[in-house]
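New notebook page, new structure.

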Amino acid sequence: MAAPDDTSLLFERLTTLAQEVFDVRHYSTAYYLLAAALSEVEGDVHRCVALERLAGQFLAWIDQFGPEYTHSTPSAAARGGQSIFIHLVTDAHAKVKILAD
């Protein structure tokens, strides 16, 4: 188990697990793992950018190959909303801007 102050290792474990569950099409679980990883960036702009990119890649893949998924862009738009993944991208991007200042 990671030491309580080893956020880098925890971040890596969470994003790796997110990729693994995404690969078997557990998209919502992947989202929550990425959201947890975002809380572990601890001031690291590079990790924030990596998470922003990964969330965007997940959403692009979902929109192309799984548009029927509840939180795809078209499904969310049909309900008058946005994908939870775009919210994650936006949150990560905002954190990047905050950390860069």
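This is a predicted model: local features need pLDDT of at least 70, side-chain atom pairs count only at pLDDT 80 or more; totals for chains, interfaces and linings use all residues.

**Entry 1: Thr15.** Is Thr15 buried or exposed? I looked up its relative accessibility and got 10%. The cut-off for buried is under 20%, so Thr15 counts as buried. As for its place, Thr15 sits in helix H1, which covers residues 7-23. Then I checked what Thr15 touches, skipping residues up to four places away in sequence, and found Leu34, Ala37 and Leu54.

**Entry 2: H2 against H3.** Next I looked at how H2 packs on H3. The angle came out at about 165 degrees, with 10 Å between the axes. That angle makes H2 roughly antiparallel to H3. I noted a left-handed crossing for H2 over H3. From H2, the contact uses Tyr27, Ala30, Leu34, Ala37 and Leu38, while H3 brings Cys48, Leu51, Leu54, Ala55, Phe58, Trp61 and Ile62. I sorted these by type and got 12 nonpolar residues, no polar and no charged.

**Entry 3: H2 against H5.** Helix H2 (residues 27-38) also packs with helix H5 (residues 84-100), at an angle of about 15 degrees and with the axes 11 Å apart. Parallel or antiparallel this time? Angles under 35 degrees count as roughly parallel, so H2 and H5 are roughly parallel to each other. H2 passes H5 in a left-handed crossing. On the H2 side I found Tyr27, Tyr31, Leu34, Ala35 and Leu38, and they meet Ile84, Phe85, Leu88, Asp91, Ala92 and Lys95 of H5. The tally for this contact is 9 nonpolar, no polar and 2 charged.

**Entry 4: H3 against H5.** I still had the H3 and H5 pair to look up. H3 spans residues 45-65, and its axis is 9 Å from that of H5, at an angle of about 160 degrees. Angles over 145 degrees count as roughly antiparallel, so that is how H3 and H5 run to each other. Their crossing is left-handed. The residues in this contact include Val45, Cys48, Leu51, Ala55, Phe58 and Ile62 from H3, and Phe85, Leu88, Ala92, Val96 and Leu99 from H5. By type, I counted 16 nonpolar, 2 polar and 2 charged residues for the contact of H3 with H5.

**Entry 5: the whole chain.** Then I stepped back. How many helices and strands are there? The chain has 5 helices and 0 strands, and along the sequence that reads α-α-α-α-α. Its C-alpha trace spans about 40 × 30 × 15 Å along the principal axes. Buried residues make up 38% of the chain. Of the contacts with a separation of 6 or more, 56% are between residues 24 or more positions apart.

Conventions
Residues are numbered from 1 along each chain as its sequence is written. Side-chain values use heavy atoms; hydrogens and water are left out. Helices (H or I, at least four residues) and strands (E, at least two) are DSSP runs, numbered from the N terminus. Buried means under 20% relative accessible area, exposed over 50%, partly exposed in between (1.4 Å probe, protein chains only). Contact means heavy atoms within 4.5 Å. Axes are lines fitted to C-alpha atoms, for helices over the stretch in contact, and angles run from 0 to 180 degrees between N-to-C directions. Angles under 35 degrees count as roughly parallel, over 145 as roughly antiparallel, 65 to 115 as roughly perpendicular and the rest as oblique. A crossing is left-handed if the near helix is turned anticlockwise from the far one by less than a right angle, and right-handed if clockwise. Ala, Val, Leu, Ile, Met, Phe, Trp, Tyr, Cys and Pro count as nonpolar, Asp, Glu, Lys and Arg as charged, and the others, Gly among them, as polar.
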